[in-house]
Amino acid sequence: MRTPLLPALLAAASLAAADRHPISFDDLVAFHRVSDPQPSPDGKWIAHVVTDVDKAENRTDSDVWLVPTNGGEPRQLTRSPKHDRHPRWSPDGRHLVFESNRDGTFQLYVLALDGGEPRRITTLATEAGQPVWSPDGRNIAFVSAVFPEFSSLPAADSDKRNKDQQDAREKSKVKARVIDSLLYRHWDSWVDGKRQHLFVVPLTNGVPSGPPRDLTPGNRDAVPTSSTFDAGDEFAFSPDGSEIVHTVTPALAREEAWNTNHDLESINLATGERRQITRNPAADGLPRYSPDGKWLAYRAQARAGFEADRWELMVLDRRTGEAKSLTRDFDASVEGLDWAGSDTVVIQAEDRGTKRLYAVALAGGAPRPLTEGGAAGEARTLPNGTGIVFSRSFLSAPAELERVSLDGSANVRLTQLNDARLATLDLPRPETATVEGAGGTPVQLWILKPPGFDPSKKYPLVFWVHGGPQGAWMDSWSYRWNAETWAAQGYVLAMPNPRGSTGFGQRFTDEISHDWGGRVFGDLMASLAWVEKQPYVDTHRMAAAGASYGGYMMNWFQGHTDKFKTLVTHCGVYDFATMYGTTEELWFDEWEHGIPWENPDFEKWSPHKFAANFKTPNLVIHNELDFRVPIHQGLSLFTTLQRKGVPSRLLYFPDEGHWVNKPQNSELWHRTVFEWLAGYLKN
């Protein structure tokens, strides 16, 4: 298998080290963010999205681009100052549909490839997004979040009632909410009684020939509200365009916050008949028809209530209704899938700190790897299964588009939008090591050394703990926690993948549940002990940082180790009892810790119980719109630290959720973190 060298190494090879500089925040936000490759029906072009940061305006701008499938100069198709994204081809290749907020709200637009301006095809008060063209070219399906009580009315009446209700809420001086059930808010947004419904709008030659039709009226979401169960377009047309299959949320609305039972449902477009296809008590999702229409591929979990259970690749025989797993013996979780012809499915899955593409034969056999190294994703097959286009990033290079043949023998880069900037930067490659964790279990970790590393010197260490906790540090680029930007401050960065990490087998992932401060803490301390033995690490200047579960572990470190001179806690869990009562997705807490009034050990691993031991200086970061780990977790931690006289600082964002996404907010985040660390590691 041939794998291309890293673009950063290729570009930098011709420059002397003195001509390159460590990455800065301005460098980080100047990169073009390439995503969502979509091959044209004739296989000659790849539509994709390029997002750029406008720091002065504190926003991002996304546009649709084209690049030849065989490589060549990319061409920008849209130029609105807002978001043009989610491009999808018409079956004849003459048009692209995409979603855009260029006129204020997100609506669907159709662009003729032979010229002209995009034509808006929806005007819904509740907006429209995620367009997908039917194979017969007669319909575009899309998603809109509507008030379910109006969803059975005729299209014009329903839209008017939605608009009136929205307008009344916006104009009212009373901002109170009356709530009757969970899930009433999610991640960083209030649900406000709406449901995500699936619509179709009929078209002729790219022009609407009728009003949008709600295919899923009623008090139920037609696609997952949780990103945990969303791996892309969670609906698909049958090859003949006669039906749509989609991923529907749990049937009982009152159980949505603690029930993970997502199923597949089909909709007959002519009659409107809806039929449940799967009855697995755990989650099913991401349906995709085979090109010949004989099979329906999807992914499924086996254990109800467990969001991090292994996703298996399933195929359902549409003639018999029988389903079988193609990855039963593959100890990795399927994240994305696409058919390559009607006898092979291409999937993506994590593998020991990387993410790879695999080809899985319908006839059976072990998945065959197609890529190696980095983090590959968003895979889409070319017509007739002749190859796969995908995005891939590395820890030292942001994502670009690539093409690989189905046998993995040839790999070609299609875009090089970031090569010029990469050539000016000193971006070290990470090293990998494996240590003995708790009970002798192998634990992998990444080590990233600072630019200009001198092995004869000793460097301060920053020890990262990832979130999830069912997640992993991978050889991949990030715009939120960018390892290269931290290493550029002059630190050695250690990024361990302890118990609970994904990509190391399901048992390894499982072994953190009900044990948040147990074996995983042992794994982390074993990793730290290995790092401390490295001759280039100054063991008197060590800090630790983490977000979400990583933030939890910073709080656990507070009560259980004095190894670090300072800690950085971003949106971390602090008090299990109040976390359970205020977070939105209860299935997570209930699987990880149990139900408070049923489990006497519910708070066993809660950091707040060990506050008497807190003494390490701590930067606390928390955000008002974080509904996953609500704001009081960070405020309670900061209050405790201040009351005990522990040096501490609170960075609070009123307009951010679990992550800090706005460019100027991100700049402040980085500046505050780096100034805090320097005060303890450099002085």
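Guide: Happy to! Let's begin with aspartate 426, which is buried because its relative accessibility of 16% falls under the 20% cut-off. Please keep in mind that this is a predicted model. Aspartate 426 makes a salt bridge to arginine 20, with 3.7 Å between the closest N and O atoms. The aspartate sits in the loop between helix H4 (419-422) and strand S32 (431-436), while arginine 20 belongs to the loop between helix H1 (7-12) and helix H2 (25-30), so the contact ties together parts that are 406 residues apart in sequence.

Next, have a look at arginine 195 and aspartate 221, whose side chains meet in a salt bridge at 2.8 Å, N to O. This pair also links distant parts of the chain: arginine 195 is in strand S13 (residues 195-204), and aspartate 221, 26 residues apart from it, is in the loop between strand S15 (213-214) and strand S16 (235-237). Both ends are buried, with relative accessibility of 3% for aspartate 221 and 8% for arginine 195.

Salt bridges can also share partners: Arg499, Arg507, Glu511, Asp515, Arg519 and Asp523 are joined into one network that way.

For a pair in another setting, turn to aspartate 54 and arginine 59, where the side chains form a salt bridge with an N to O distance of 3.8 Å. Here aspartate 54 is partly exposed at 25% relative accessible area, and arginine 59 is partly exposed as well, at 30%.

These examples come from a search of the whole structure, which finds 37 salt bridges.

Key: Residues are numbered from 1 along each chain as its sequence is written. This is a predicted model: local features need pLDDT of at least 70, side-chain atom pairs count only at pLDDT 80 or more; totals for chains, interfaces and linings use all residues. Side-chain values use heavy atoms; hydrogens and water are left out. A salt bridge is a side-chain nitrogen of Lys or Arg within 4 Å of a carboxyl oxygen of Asp or Glu. Helices (H or I, at least four residues) and strands (E, at least two) are DSSP runs, numbered from the N terminus. Buried means under 20% relative accessible area, exposed over 50%, partly exposed in between (1.4 Å probe, protein chains only).
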